[in-house]
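This report looks at where some residues sit in a protein model. Please keep the structure in view while reading.

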Amino acid sequence: MFKKGTKLYSILTGTCPKCHEESMYTNKNPYNLSEALSMHEKCSNCGTKYKIEPSFFYGSMYVSYGVGIGFAVAAFIISHFVFEAGINIVFASIIGTLVVFMPLILRLSRNIWINLFMHYDKTLAKK
């Protein structure tokens with residue numbers, strides 16, 4: 001399930017969607033906010049160009065909405081049902097979760113978006 005060659009591997013690790021050998025991002029740490037979305041132009045292993053067209057990653061904003069909702073629902077379930085918190089605490093936990101995980105949500109959204117359009121190729125992984 002989480003092996004090289006699967007979409008899930010590329011999405012969760014942020015590696016090249018074609019060869020799964022190199023990170024797409026210049027800095028692997030998403031919490032370095034100045035470089036959170038800074039990406040390489042292309043993969044040094046297989047030469048895949050990450051920005052297929054200008055403004056390609058604008059579409060990932062739609063994905064980030066869904067990913068953000070997933071994080072918010074998880075925060076709601078944990079704070080309301082596990083900790084039995086009141087409505088104000090639940091609201092604060094949702095906001096806090098979205099703020100804390102914002103860089104991770106942004107990267108996951110980009111990873112999901114690019115993996116919708118590119119697929120793993122075994123021949124490129126062996127270069």
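## Terms and model

A residue is called buried under 20% relative accessible area, exposed over 50%, and partly exposed in between (1.4 Å probe, protein chains only). This is a predicted model, in which local features need pLDDT of at least 70, side-chain atom pairs count only at pLDDT 80 or more, and totals for chains, interfaces and linings use all residues. Residues are numbered from 1 along each chain as its sequence is written, and side-chain values use heavy atoms, with hydrogens and water left out.

## Two residues

Isoleucine 77 lies in helix 2, residues 60-82 (helices are DSSP runs of H or I, at least four residues, numbered from the N terminus). Its relative accessibility is 41%, so isoleucine 77 counts as partly exposed.

Threonine 97 belongs to helix 3, residues 87-100. Its relative accessible area is 17%, and therefore threonine 97 is buried. Beyond its neighbours within four places in sequence, threonine 97 is in contact with Phe71 and Ala75 (contact means heavy atoms within 4.5 Å). From threonine 97 to alanine 75 the C-alpha to C-alpha distance is 6.7 Å, although 22 residues separate them in sequence.

## Nonpolar cores

A nonpolar core is a set of buried Ala, Val, Leu, Ile, Met, Phe, Trp, Tyr and Cys residues joined through side-chain atoms within 4.5 Å. The largest one here has 19 residues, and Tyr50 and Ile114 have the most contacts inside it. Helix 2 and helix 4 (102-117) are the elements that give two or more residues to this core. Helix 4 supplies the largest share, four residues. Another core, of five residues, lies apart from it and includes Ala72, Ala75, Ala85 and Ile94.
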